[in-house]
Amino acid sequence: MKSFDYQVVNSLGIHARPAAMLAQACTNYKSSVMIECNGETASGNNVLQILGLHAAKGSTLRFNVDGSDEDACVAEIQEVLKEIAPKEKPVSVLKVAFFGTKDYDRMFFSELSKDKGEGTYNVDITYFVSRLTIESVHLAQGFDAVCIFVNDEAPRAVVEALAKGGVRLILLRCAGFNNVDLDACKENGITVLRVPAYSPYAVAEHAMAIIQTANRRVMKAYNKVKDNNFSLNGLLGVDLHNKVAGIMGTGRIGQIMARICKGYGMTVIGWDAYPNQKLVDEGLLTYVSKEELLRKADLISLHAPLIMGEGGTYHMIDEHAISLMKDGVMLVNAARGPLIDTDALIKGLRANKFHAVALDVYEGEDDNVYTDHSDDMMQNSIVARLVTFPNLVLTSHQAFFTREALQAIAAVTMENARNFNEGLPFGNAEVK
């Protein structure tokens, strides 16, 4: 175990921004990090616990780092501590209209935005429950920026209304940006910044969780036991060991899914428009053509971005693609709904093509995402059709939804706001 002390020199103490930076640094390592101050203890990877230390200027923090990569972890923590030392920076406050607010958004964003002054994010957030749409865009009048999510709508008409109301920045608290008209943003002088990555582990782990739920009929088994029925009828699954996993899209999330599959003892093949030779060299997977993957894979996991137009990924799983798959194939999508042609999928399900299907996203989900319709008649015919299949598991776009991911989304979004406000480089957060 490595231990070291740090005396707080910032006049605001360990406020929101330093806490977020420390938590993000600690999350990158296997080693456990505990921080002691004023008789209290906080986990280094938990921003809310770090803030709970109430470490004021002059306080001493004791860092205890224990684990296989403790040296690298200590080095990164110390770099963060150097970065948070007082510096002369602009103190102008960026006014942000935050659309589609949920309680869990406030949990992190409110803490990170509450401080104003030197070395802080200098962001003033006004929360709106409604999604950003053409009907609600008037709420952004007079703000410098809007913060939106995957189910908000920013087509040309909305972008033009935002620009007319004074908005200069769209902050996406997600990685995807297909809901924003980028050409309209360029024409209207609006910068678009996103969160390129938050917790790829969250998404990949959820993908494996739901496909195994579908494979082993866990939901059906759970309901049977609740009814005092311990029969195994209808619960037959298959081993993943020695099967072939096909990963379509081998970016960060796809790579993690490949490693999870490898851990199950599967042979992993991959397809990507831009193959990563390093993954081949380390023995993680073998690249094949899209058609070969569809033919060979027992489990197909989608992790590609949604790209519209000719040569894109829209409906990459269509009727023809499904016809190439093995009978009894398993399919999971935790990426973007329109990667799969829903009508073709339902046709395949009716024909018993699939042993198991797991969807965290689906085409036409926008009106349902993050809303409670439990007291309403089911209006979405897609959902009504999908939930009739006993071998299909459907979740509500929740693959990203872990504490680590929400913490990272908030921290990166706030860094993007700060960089915009202070004229600092955007890095790969900028969407062009």
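Strand β10 (residues 244–248), helix α9 (residues 252–263) and strand β11 (residues 267–271) form a right-handed β-α-β unit; a crossover is right-handed if, with the strands pointing away from the viewer, the path from the first strand over the helix to the second runs clockwise. Helices (H or I, at least four residues) and strands (E, at least two) are DSSP runs, numbered from the N terminus. The model is predicted, with local features requiring pLDDT of at least 70, side-chain atom pairs counted only at pLDDT 80 or more, and totals for chains, interfaces and linings using all residues. Residues are numbered from 1 along each chain as its sequence is written, and side-chain values use heavy atoms, leaving out hydrogens and water.

Strands of a sheet pair through backbone hydrogen bonds, either parallel or antiparallel; here, two strands pair if DSSP finds at least two bridges between them. The table lists strand pairs of the model.

| Strand pair | Sense | Bridges |
|---|---|---|
| β10 and β11 (residues 267–271) | parallel | five |
| β10 and β13 (residues 299–302) | parallel | four |
| β2 (residues 32–37) and β3 | antiparallel | four |

V244 stands opposite T267 in β11, while I247 has S301 in β13 as its bridge partner.

**The four-stranded sheet**

An open, antiparallel sheet is built from four strands in the order β1-β4-β2-β3. Its edge strands, β1 (2–7) and β3 (40–43), each pair on one side only. From one strand to the next, the twist averages 20°. Opposite M34 stands S43 in β3. Helix α3 (residues 70–83) lies across β1, β2 and β4 (60–66), running at about 5° to β1; axes are lines fitted to C-alpha atoms, for helices over the stretch in contact, and angles run from 0 to 180 degrees between N-to-C directions.

T101 occupies the loop between β5 (94–98) and α4 (103–113). T101 is buried because its relative accessible area is 6%. A polar atom of its side chain lies 3.2 Å from the backbone oxygen of F98. Not counting residues up to four places away in sequence, T101 touches R106, Y127, F128, V129 and R173, where contact means heavy atoms within 4.5 Å.

Notes:
Buried means under 20% relative accessible area, exposed over 50%, partly exposed in between (1.4 Å probe, protein chains only). A polar contact is a pair of N or O atoms within 3.5 Å; within protein, one must be able to donate a hydrogen and the other to accept it, and residues adjacent in sequence count only if both atoms are side-chain atoms.
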